[in-house]
Amino acid sequence: MDFQQPLLRKARWRPWEYAIWAVAFVLPLLMPSHALMINEIAIVALFAMSLDLILGYTGIVSLGHAAFFGFGAYTAALFAKLVMPDPTVGLVVAIVLCAALGAVASVTILRGTDLTRLMVTLGTALLLLELANKLDWLTGGADGLQGVVMGPVLGLFDFDLYGRTAAWYSLSVVLLLFLLMRRLVHSPFGATLKAVRDNRLRAMAIGIPVVSRLAVIYTVAAAIAGAAGALLAQTTGFASLDVLAFDRSADVLLMLVIGGVGWLYGGIAGAIVFKLLQDTLSTVTPQYWMFWIGLILVLLVLVGRDRLLRPWTWFGARGGAKP
């Protein structure tokens, strides 16, 4: 049982974690005019955490994670439009189908080098993007899937124009899936994922079933990314080609660069910082906001995350700072 003690210590909740989630659920009440922004941050934070499962904990770099995000969005929107408008049922359907897609796509990342996986994951997203564009009779094509009307959450809570119901709905789903991911990464299964990330050959030598581990975590990450996409479609009542675009995959990678990989709160922190920067800079300089975000990322890599807000330390020794 001794080997489990470090995992149990890491799995314990800290007081600041309770505070963070309590504040998150209170924010739609305290800042009702920003409820839609809170909802969007919650969704992209979930998307970022799903990518961190394969990037930070397993070492698989993906440029096509938007494939699962977009598939989940279209699945939830089509389910609401063609079958039934219940958001919780639609969310479950989207998660299941995205998990199935992830299981199939996991075959593509089991062989080859990192560069090969990078191109294959990107190709998967581009294929789905082209399918969504060509099947305009089903997806709406370039015009997007319109006329999506969602029913009340649990049959009780209608989506309001201010976005408070949407924010609480998304935050609740994010918290539930966060608990699942937290339990997963702090389990013996999560420890084997880190062993695969650090040295795949050594992991195979000590008997870890590397292939099955990669397939399982890729499937789980796809399902959670699909849940994020489903939340976006359900809370906005719209799905377009944008959910499958390369920009989605690139943005979520930037969030992990900002927040840090290998810990779930890095995805949350990166999503908050990125969305607030995007909102602020696009208001101040609508045409050049990406330039400023790019500049911040360059500084982040050059000086390190821990020294970014201390300019007087930029020109000294790094002292072991991690980018």
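This is a predicted model: local features need pLDDT of at least 70, side-chain atom pairs count only at pLDDT 80 or more; totals for chains, interfaces and linings use all residues.
I started with the largest pocket, which has a volume of about 520 Å³. For pockets I worked on a 1 Å grid over the protein atoms alone: a pocket is an open set of points where a 1.4 Å probe fits, with protein on both sides within 12 Å along at least five of seven lines, and lining residues have an atom within 4 Å of a point. Volume here is the space filled by probe spheres set on the points, which are joined across faces, edges and corners.

Residues are numbered from 1 along each chain as its sequence is written, and side-chain values use heavy atoms, with hydrogens and water left out.

I looked up the lining next: 23 residues, with Ala24, Leu27, Ile38, Ile41 and Ile272 nearest the pocket's centre. H2, H3 (35-55), H8 and H13 (264-284) each give at least two lining residues; helices are DSSP runs of H or I, at least four residues, numbered from the N terminus.

Then I turned to the rings and found six aromatic pairs. Tryptophan 21 and phenylalanine 178 make a tilted pair, 5.1 Å centre to centre with 50° between the planes. I see tryptophan 21 in H2 (residues 15-30) and phenylalanine 178 in H8 (residues 164-185), 157 residues apart. Ring pairs join Trp16, Trp21, Phe178, Trp263 and Tyr265 into a cluster.

Definitions and conventions:
Rings of Phe, Tyr and Trp (its six-membered ring) pair if their centres lie within 6.5 Å; planes under 30 degrees apart count as stacked, over 60 as edge-to-face and the rest as tilted.
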